[in-house]
Amino acid sequence: MAEFIPARIPPVDEERGPGMDHAHYPFRTLRDAPRFSWPGDARIAFTVTLVLDYWELEAPDGESPDPRIVSPLGKFSPDWLTWSHRLYGARVGIFRILEVLDQFNLKPSVALGTEAAKRYPELVDALLRRDACFMAHGDYATRRITSRMKDERAAITAARDGVAAAIGQRPNGWCGQDFNESADTPALLAEAGFHYTTDWANDDRPYLLGPYAAGDLLALPPQPEWNDLECMWLRHVSPQVWSANIAEAFAFLHEEGGNTFNLTLHPWITGQAHRIRYLRDALHNVLGKPRIWRTTTDDLAEAARAQLG
């Protein structure tokens with residue numbers, strides 16, 4: 001795979017295979033994808049990613065917040081409604097979600113922003129007591145990785161070290177803010193010592209990015225089709241339909257075999273009073289099936305990498 005050396009976008013004089021717009025990995029189809037074998041002869045690996053970050057009241061000039069996420073009443077500053085709505089997740093919503101996860105004996109994989117780690121040490125402690133695994137997640141929910149950053153390498157290093165300071169060890173995984181990357185991000189993540197990223201949504205099975213100067217990087221698909229923010233907030237899918245979609249997608253991937261299922265949750269969305277029951281319903285329908293490996297992104301990445309070589 002040495003010929004697939006990533007270049008800046010748009011690529012210039014770059015050799016590409018069928019269907020490719022870049023060279024971060026070789027093209028493959030479902031028929032070419034490996035069928036993974038999970039521990040306990042499980043047919044599917046199930047993870048829950050819990051996003052814990054902090055939303056700034058007013059982001060500094062030059063930062064790149066997601067332009068889709070604004071107050072329902074319009075764009076204005078200071079936007080107390082949007083700011084306090086996000087804060088609801090850390091004050092209220094996360095406790096409802098953790099209660100449901102505890103009922104199903106699920107360990108969350110936590111995308112932890114460094115500012116959230118500083119502001120919510122009691123939440124980090126609660127997650128550590130549950131033996132959660134932690135991924136680096138940038139600094140603020142209102143600042144994304146983009147090609148316009150002055151020093152992306154420093155931002156990645158600061159996110160890694162901020163999570164390490166909060167939990168006592170370096171994180172193995174990276175979950176980008178809004179799953180956002182520049183053309184250089186995967187190579188810089190490998191350079192910073194990360195083993196995997198959950199930013200690439202083009203598969204239901206893990207695969208390798210690279211190799212880069214510092215080695216390759218595993219891609220664990222985030223599967224936004226059942227991400228609560230993507231569905232219920234941005235697409236206005238009802239909680240009932242969201243829950244049913246999770247059950248239907250899981251049933252199909254379970255039957256197909258060798259897949260992963262990553263359920264991404266934001267406490268300020270799913271932790272709301274009118275939605276939390278539908279998370280419980282979805283998990284009840286999903287986890288009633290046999291041969292499921294309930295795992296974290298760290299353990300999933302290790303098992304996948306062992307099979308990919």
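1. Because 7 of the 7 residues of S8, which covers residues 259-265, are buried, the strand is largely enclosed by the rest of the structure.

2. Which strand is joined to S8, and by how many bridges? Strand S1, made up of residues 44-52, is joined to S8 by 7 bridges, and the two strands run parallel. Within this pairing, Phe-46 is the residue that stands opposite Phe-261 of S8.

3. S1 also pairs with S2, through 4 bridges and again with the strands running parallel, and here Val-51 has Ala-111 of S2 as its bridge partner. S2 is in turn joined to strand S3 (residues 133-136) by 4 bridges, in a parallel arrangement, with Leu-112 placed opposite Ala-136 of S3. As for the side chains of S2, Ser-109 and Ala-111 point one way while Val-110 and Leu-112 point the other way, and all of these residues are buried.

4. Is Arg-160, a residue with a charged side chain, buried or exposed in the model? Arg-160 lies in helix H4, which covers residues 152-167, and its relative accessible area is 9%, so it counts as buried, the cut-off being under 20%. Leaving aside neighbours within four places in sequence, Arg-160 is in contact with Ala-136, Arg-170, Pro-171, Ala-192 and Phe-194.

5. Ala-219 is found in strand S7 (residues 215-219) and is buried, with a relative accessible area of 0%. Apart from neighbours within four places in sequence, its contacts are Thr-197, Trp-200, Pro-206, Tyr-207 and Leu-209. Ala-219 and Asp-203 are separated by 16 residues in sequence, and their C-alpha atoms are 9.2 Å apart in space.

6. Some features of the backbone deserve a look when the model is inspected. The peptide bond from Gly-210 to Pro-211 is cis, with omega near 5 degrees, and Pro-211 has its place in strand S6, residues 207-212. Asn-105 has a positive phi of about 55 degrees although it is not a glycine; this residue sits in the loop between helix H1 (80-103) and strand S2 (109-112) and is exposed, with a relative accessible area of 65%. Gln-223, likewise not a glycine, has a positive phi of about 50 degrees and is placed in the loop between S7 and helix H6 (228-234), but Gln-223 is buried, with a relative accessible area of 4%.

7. For the chain as a whole, the secondary structure comes to 10 helices and 9 strands, and of the 309 residues 53% count as buried. Among contacts with a separation of 6 or more, 72% are between residues 24 or more positions apart.

8. A last point concerns confidence. The mean pLDDT of the chain is 89, and 88% of its residues reach 70 or more. Over residues 1-10, however, the pLDDT is below 50, although this stretch has 25 contacts in the model beyond near neighbours in sequence. Where pLDDT is low, the predicted coordinates should not be read in detail.

Key. Residues numbered from 1 in each chain as written. Predicted model: local features only at pLDDT ≥ 70, side-chain atom pairs only at ≥ 80, totals over all residues. Heavy atoms only, no water. Buried < 20%, exposed > 50% of the residue type's maximum accessible area, 1.4 Å probe, protein only. Pairing = 2+ DSSP bridges. pLDDT = per-residue confidence, 0-100. Contact = heavy atoms within 4.5 Å.
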